[in-house]
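Colleague: Could you walk me through this model and tell me what stands behind the words you use for it?
Modeller: Gladly, here it is.

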Amino acid sequence: MTAGVSLRPSKADELRYTPIAEHGMIGDMRTAALVGTNGTIDWYCCARFDAPSVFGALLDADRGGAFQLAADVPARTKQFYFPDTNILITRFFADNGVGEVQDFMPIVDDSREADRHRLIRRVLCVRGSLPFIVRVAPRFDYGRSVHTVSSQQGQIVFDSPGLSLALSSSVPVEIDGPDACCAFTLDEGSAAVFALDRIGDGVEPRACPLSEAEDLFGATVRYWRGWLSHSRYRGRWREMVHRSALTLKLLTYAPTGAIVAAPTTSLPEQIGGERNWDYRYAWVRDAAFCIYALLRLGFTDEAKAFVHFLSQNVCLTECPKGPLQIMYGIDGRSELPEEELLHLEGHLGSSPVRVGNDAVNQLQLDIYGALIDSLYLYDKWGEPLSSEHWDTIGMLVDWVCDNWDQPDEGIWETRGKTQNFLYSQLMCWVAVERAMRIAAHRGLPADMVRWGKARDTIYRRIMDRGWSGKRQAFVQHEGDDVLDASVLMMPLAKFISPTDPKWLSTLDALGEELVSDSLLYRYDPRSSPDGLRGEEGTFSICSFWYVEALSRAGRVDEARLAFEKMLTYGNHLGLYAEEIGRTGEQIGNFPQAFTHLALISAAFNLDRALG
């Protein structure tokens with residue numbers, strides 16, 4: 001399959017926007033910020049992932065707002081993470097000096113300090129002398145709210161109706177209209193600090209002296225390294241796996257245990273196209289897969305927190321679409337109304353910019369399998385499920401037994417007509433089968449006869465109607481011969497042997513039609529219309545599923561080559577967006593949990609296959 005031509009932006013627009021891949025992420029497990037390789041923070045939502053943006057230049061270079069901090073002379077830049085942490089360092093190489101900006105959000109235990117959501121930018125000159133320039137230009141509520149700026153006790157305070165921020169600095173800062181700016185020069189060995197705090201609701205403005213910034217830097221290093229030390233992964237791709245684990249940890253919302261799909265909204269799947277969605281919510285599927293990946297590495301606390309989120313924050317009630325929604329707010333809320341922000345032009349002119357997500361109302365039956373599989377693994381590798389959790393599982397499985405054969409919108413959230421998707425039925429099989437395993441292992445009460453009958457009926461339905469004799473492959477949905485990369489989960493979910501002749505034939509068919517240089521398209525929207533205009537890039541989670549399927553099928557050399565190729569498509573920090581464009585660019589929301597959890601799983605299983 002070949003990609004369609006993207007709607008290319010003008011050269012002028014390309015100069016106004018930092019490419020998606022040219023960013024790193026920092027955060028405090030409540031919110032996150034993206035920092036470009038030019039030193040500009042052009043995405044930041046305060047004080048939680050799904051709050052309105054304060055800096056949103058990534059979605060509108062003129063109206064979005066940004067925190068610029070860069071060398072005030074021509075300079076080359078490089079960016080990396082302080083080893084084994086989520087502290088991001090951007091280095092500037094100029095003729096007369098070398099400097100760096102250390103960006104991080106401190107991880108603190110005191111609840112009042114956590115509510116501060118302090119963002120620290122520590123500037124150092126490490127060689128020679130270097131001038132710097134700073135402009136702090138917040139644009140509150142996605143650029144919809146006006147704000148005032150004032151100087152209070154040596155700090156610059158930005159006040160808007162819904163949020164107030166205080167900027168403290170170790171160098172003098174001036175007010176310039178709605179912004180704050182300054183220019184300063186550092187000599188070798190000297191430093192400056194900028195700290196941006198949320199204030200109000202009991203959080204008072206507070207300075208951040210150089211010594212405190214240094215102490216917070218050290219404490220933040222110790223936190224991330226302490227967390228990462230619990231990893232059990234010792235395989236060949238340790239650096240990439242651990243970067244993915246650190247990324248998944250940044251995408252957790254500590255107050256509830258929810259895990260967001262990505263920290264951004266409306267980064268386009270096609271430049272200039274309409275496939276722009278808000279991913280700052282907790283998808284049951286994505287979060288459950290994250291739990292699987294983190295449990296594989298030995299991180300059980302995150303699984304425990306997510307189970308707590310489901311049991312304490314999410315209300316499981318019978319409704320027309322089922323007892324579970326496909327996604328929830330990070331606080332467990334069920335209403336996520338979608339709206340278009342018409343005043344923002346979108347990344348490189350890719351409109352509309354959307355906040356909220358109407359897919360919340362879709363029926364996607366696969367979520368039950370993803371969730372119960374993660375609970376099965378938690379019971380196996382974490383700690384035994386409680387009686388209350390088992391009651392919930394029983395209720396969910398009973399519902400699946402009654403509803404597994406409904407047409408739905410599927411894993412890819414198509415906005416066309418509903419279908420009997422193979423993947424949805426596969427994961428319903430997983431839901432019932434894993435629940436039966438838990439019951440048998442723990443001796444828990446279950447209607448094993450009813451459950452077993454449903455499990456076997458689903459299996460026979462898939463093998464009968466999901467197989468295309470014409471294509472000699474398992475296909476996307478009943479009644480057609482369209483291929484879909486989601487069927488790669490069949491051997492991964494232990495539904496079919498990875499060396500079954502029917503599966504090997506399917507793997508070959510997928511390779512011939514959907515693979516491009518190890519990269520996989522989800523499906524061909526021309527053959528399987530999804531209700532949206534335009535095309536998209538290859539879907540990175542599918543590319544890592546392909547690696548895992550190859551390795552399980554015994555095609556280990558192919559799997560390793562495909563995996564190594566996929567690593568070259570990561571950005572300079574090892575981060576991935578949702579998709580990869582036709583010339584290797586990152587597209588879609590960034591960084592995406594789906595991709596990083598699949599990288600971990602693929603590396604783990606490929607390591608095992610290589611021995």
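What follows is a talk about terms, each set against its cut-offs.

Modeller: Before we start, this is a predicted model, where local features need pLDDT of at least 70 and side-chain atom pairs count only at pLDDT 80 or more, while totals for chains, interfaces and linings use all residues. Residues are numbered from 1 along each chain as its sequence is written, and side-chain values use heavy atoms, with hydrogens and water left out.

Colleague: What makes L348 count as buried?
Modeller: Buried means under 20% relative accessible area, exposed over 50% and partly exposed in between, with a 1.4 Å probe and protein chains only. L348 has 16% relative accessibility, so L348 counts as buried. L348 also has a positive phi of about 55° although it is not a glycine, and lies in the loop between strand 20 (339-340) and strand 21 (354-355).

Colleague: And why is Q153 called exposed?
Modeller: Its relative accessible area is 78%, so Q153 is exposed. Q153 is not a glycine either, yet has a positive phi of about 50°. Its place is the loop between strand 10 (148-152) and strand 11 (155-159); strands here are DSSP runs of E with at least two residues, helices are runs of H or I with at least four, and both are numbered from the N terminus.

Colleague: Why is D159 partly exposed?
Modeller: The relative accessible area of D159 is 28%, and therefore D159 is partly exposed. D159 lies in strand 11. Leaving aside neighbours within four places in sequence, D159 is in contact (heavy atoms within 4.5 Å) with V146, H147, T148, Q152 and S164.

Colleague: What makes a set of residues a nonpolar core?
Modeller: The members are buried Ala, Val, Leu, Ile, Met, Phe, Trp, Tyr and Cys residues joined through side-chain atoms within 4.5 Å. The largest such core here has 204 residues, and W545 is one of those that touch the most other members, together with F184, F194, L488, M490, W503 and F563. Helix 10 (residues 422-442) gives the largest share of this core, 13 residues. A second, separate core has 10 residues, including F104, V193, A195 and L216.

Colleague: How do you know that helix 6 and helix 7 are roughly antiparallel?
Modeller: Axes are lines fitted to C-alpha atoms, for helices over the stretch in contact, and angles run from 0 to 180 degrees between N-to-C directions. Angles under 35 degrees count as roughly parallel, over 145 as roughly antiparallel, 65 to 115 as roughly perpendicular and the rest as oblique. The axes of helix 6 (residues 284-297) and helix 7 (residues 301-312) cross at roughly 155° and come within 8 Å. Helix 6 and helix 7 are therefore roughly antiparallel to each other.

Colleague: Which residues make the contact of helix 6 and helix 7?
Modeller: Helix 6 brings A287, A288, I291, L294 and L295, and helix 7 brings E302, A303 and F306. By class, that is seven nonpolar, no polar and one charged. Ala, Val, Leu, Ile, Met, Phe, Trp, Tyr, Cys and Pro count as nonpolar, Asp, Glu, Lys and Arg as charged, and the others, Gly among them, as polar.

Colleague: Where are the cis peptide bonds you spotted?
Modeller: One joins C46 and A47, with omega about 20°. Another runs from F590 to P591, with omega near -20°.
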